[in-house]
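Please keep the structure open as you go through the points.

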Amino acid sequence: MSDDSAKTRETLILRLRDPEDDSSWREFVEIYTPLLYGYCINRGLTAADAADIVQDVMRSVSLAMRGFEYDPAKGKFRGWLFTATRNAISKYFKKQARRPVTASDTRMLHWIEQTPDEAEIDEWETDYQRKLLGWAMEKVKPQFAERIWRAFELTAIDGQEPDAVAEVMGMTKNAVAIAKCRVMQRLREKASSVDADRWEGEIIASLQKV
């Protein structure tokens, strides 16, 4: 059993309760900083503003983890993080005492006051899955020979038929299927070590959007 598989029962967020667990905090920063930063940039914030807001949210997470108790009835952590990020943007703009001097500023201030719609929530969820799976791929890729990884890419990501991939790669169809299965299993384990949500049905579709 791999280390990631053994950690599935205690996923990344739970491990963050230990302030001395540097590796878990490093993983958290690697996965969630691009998610938060991208969300801010997509809302029209400047790079400097986005960086300040990400720092504020990370500080909030650090403080929240000290007394964190997992309760599934209260929803997923990334739902809380979504709300925390929106609140941080609102707080930042109010703290700066900004005035709407441009059309972009006016849209931003109007957006802050609105309840997030389904499209915005879906965008957050999709981007989260992309960031997590992109991170998992980066971590898992060095564990496989180039030939195995390429067979996985051509079938799982590019959507090519196993027969065609087998011919191009000089492999049997069965070997291609095994290669894809091995990589997929490791990606599931790596993703589950961060988030215990089921990745079985969504992983292919998400990978094709990475």
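1. Helices here are DSSP runs of H or I with at least four residues, strands are runs of E with at least two, and both are numbered from the N terminus. The chain as a whole has 11 helices and zero strands, and its pattern along the sequence reads α-α-α-α-α-α-α-α-α-α-α.

2. A word on the ground rules. This is a predicted model, where local features need pLDDT of at least 70 and side-chain atom pairs count only at pLDDT 80 or more, while totals for chains, interfaces and linings use all residues. Residues are numbered from 1 along each chain as its sequence is written, and side-chain values use heavy atoms, with hydrogens and water left out.

3. Next, burial. A residue is called buried under 20% relative accessible area, exposed over 50% and partly exposed in between, using a 1.4 Å probe and protein chains only. On that scale, 41% of the 210 residues of the chain count as buried. Contacts, meaning heavy atoms within 4.5 Å, also tell us something about the fold: of those between residues at least 6 apart in sequence, 65% join residues at least 24 apart.

4. Now have a look at the core. A nonpolar core is a set of buried Ala, Val, Leu, Ile, Met, Phe, Trp, Tyr and Cys residues joined through side-chain atoms within 4.5 Å. The largest one here has 54 residues, and Phe28, Tyr32 and Ile89 have the most contacts inside it. As general background, nonpolar side chains in soluble globular proteins tend to be buried together. Leaving aside residues up to four places away in sequence, Phe28 touches Leu12, Ile13, Leu16, Thr33, Met58, Val61 and Phe77.

5. The aromatic rings deserve a point of their own. Rings of Phe, Tyr and Trp (its six-membered ring) pair if their centres lie within 6.5 Å; planes under 30 degrees apart are stacked, over 60 edge-to-face, and the rest tilted. That rule gives 11 aromatic pairs. In one of them, the ring centres of Trp25 and Phe28 are 5.9 Å apart and the planes are at 70°, so the pair is edge-to-face. Trp25 and Phe28 are separated by about one helical turn because they are three residues apart in helix H3, residues 22–42. Trp25 counts as buried at 18% relative accessibility, and Phe28 counts as buried at 0%.

6. Another edge-to-face pair is Tyr39 with Phe82, at 5.9 Å centre to centre and 75° between the planes. This pair links distant parts of the chain, with Tyr39 in helix H3 and Phe82 in helix H5 (residues 77–95), 43 residues apart. Tyr39 is buried with a relative accessible area of 3%, and Phe82 is buried with 7%. Ring pairs also link Trp25, Phe28, Tyr32, Phe77, Trp80 and Tyr128 into a cluster.

7. What lies over the face of Tyr39? Arg43 does, at 4.5 Å from the ring centre. The rule used is that NZ of Lys or CZ of Arg is within 6 Å of the ring centre and within 35 degrees of the ring normal.

8. On a 1 Å grid over the protein atoms alone, a cavity is a set of points where a 1.4 Å probe fits but cannot get out, a pocket is an open set with protein on both sides within 12 Å along at least five of seven lines, and lining residues have an atom within 4 Å of a point.

9. The second largest pocket holds about 210 Å³ of space. Helix H4 (47–64) and H5 each supply at least two lining residues, and H4 gives the most, with six. Asp52, Arg59 and Lys91 are among the residues in that lining.

10. Two last stops. Asp163 is partly exposed, with a relative accessible area of 48%, and its C-alpha is 5.7 Å from that of Lys173, 10 residues apart in sequence. Lys76, in the loop between H4 and H5, has its C-alpha separated by 9.6 Å from that of Asp195, 119 residues apart along the chain.

Key:
Points joined across faces, edges and corners; volume = space filled by probe spheres on them.
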